[in-house]
Structures are given as C-alpha cells and as structure tokens.
Amino acid sequence: MRPLRVRRPLPSRRHFVAHLVRNGAMAGAFIALSLTMGAVGYRSLAHLPWIDAYLNAAMILTGMGPVAALTEPGAKLFAIAYSLYSAMAFLTVAAVILGPVVTRLLHKLHLDMDSEGPADDHPA
C-alpha cells in the first residue's frame, strides 16, 4: 500500500521572500554575534586594539586567516577554537540562507513532476 501524500500548492512569492528575509536576518544576527565573540576573545587574550580584534575575527570568520601574529599560548588556543567554530558557523549560515531557496526549488520540481503524471505507475 502506498502512503497517502498531501499535495500542497507552491507558496506565494511573497511568502518565499518573507522566508528569505527572516532567514537572512537570523543569519546576520548570528554573524554579528560570532564576530563580536571573536573580537572579545582576541581583545582579552591577545591584547589587540578593538579594531584589530574585529579585523582578526572577521578574517578568521570568512576563512581568510589571521592578520595579527599571536604570541601568547592562550591567544593561540582561542584562535584554534575560534577557527573550528568559524568553519561550523559558515556551514550553518550557508544552510540557513540557502534553505528556503533549495526547499522552493525541490517543491517546484516535485509539483512539475506531479503535473506530468506519476512516473512509478508505469509497468516495468
């Protein structure tokens, strides 16, 4: 017995844009929080001025690498942890931003396939 599928129409463009804006705002807030967390760490552990701490955090967060040379072991350990965190943060932000786009694309393709008729009902 085949499971019963509920066919919902493709959400409106307005709903899709609202979803994109909401996810973009969440991603922006997450990036701002991550950047501030990195700057505070570099400021307190590497004793960098605020502008250099934010620059270092931004460069690590975007995957470019550190700008300032770190000499203290605590600052180096923080840089290691922040680099690993940044890799996960990048993947998370990418998923949050691209999620609505991929979902809409898959939904649209699924509706297009349904309009052509079910492919699995043909005898083999």
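**Exercise 1. Find what share of the contacts joins residues at least 24 apart in sequence.**

Solution. Take the contacts in the protein between residues at least 6 apart in sequence; 65% of them join residues at least 24 apart. Contact means heavy atoms within 4.5 Å. The model is predicted: local features need pLDDT of at least 70, side-chain atom pairs count only at pLDDT 80 or more, and totals for chains, interfaces and linings use all residues. Residues are numbered from 1 along each chain as its sequence is written, and side-chain values use heavy atoms, with hydrogens and water left out.

**Exercise 2. List the elements of the protein and state how much is buried.**

Solution. Step one: count the elements. The protein has three helices and zero strands. Helices (H or I, at least four residues) and strands (E, at least two) are DSSP runs, numbered from the N terminus. Step two: read the order. From the N terminus on, it is α-α-α. Step three: look at burial. Of the 124 residues, 22% are buried. Buried means under 20% relative accessible area, exposed over 50%, and partly exposed in between (1.4 Å probe, protein chains only).

**Exercise 3. Compare the reach of helix α1 with its expected span, then look just past its end.**

Solution. Helix α1 covers residues 13-45, which is 33 residues. From first C-alpha to last, α1 reaches 47 Å, close to the 48 Å expected at 1.5 Å a residue. The expected span is 1.5 Å times one less than the number of residues. The buried residues of α1 include Phe16, Asn23, Ala27 and Tyr42.

Now step past the helix. Just after α1, His47 takes a positive phi of about 55 degrees. Most residues other than glycine have a negative phi. His47 is in the loop between α1 and α2. His47 counts as exposed because its relative accessibility is 53%.

**Exercise 4. Show how Tyr85 and Ser34 meet.**

Solution. Start with the place: Tyr85 is in helix α3. Tyr85 counts as partly exposed because its relative accessibility is 27%. Next, the distance. Tyr85 and Ser34 are 51 residues apart along the chain, and their C-alpha atoms are separated by 8.9 Å. Then the side chains: a polar contact of 2.6 Å joins them. A polar contact is a pair of N or O atoms within 3.5 Å; within protein, one must be able to donate a hydrogen and the other to accept it, and residues adjacent in sequence count only if both atoms are side-chain atoms. Leaving aside neighbours within four places in sequence, Tyr85 is in contact with Phe30, Ser34 and Met37.

**Exercise 5. Where is Gly65, and is Gly65 buried or exposed?**

Solution. Gly65 is in the loop between α2 and α3. Gly65 is buried, because its relative accessible area is 18%. Setting aside neighbours within four places in sequence, Gly65 is in contact with Met59 and Ile60. Gly65 and Ser83 are 18 residues apart in sequence and 8.6 Å apart in space, C-alpha to C-alpha.
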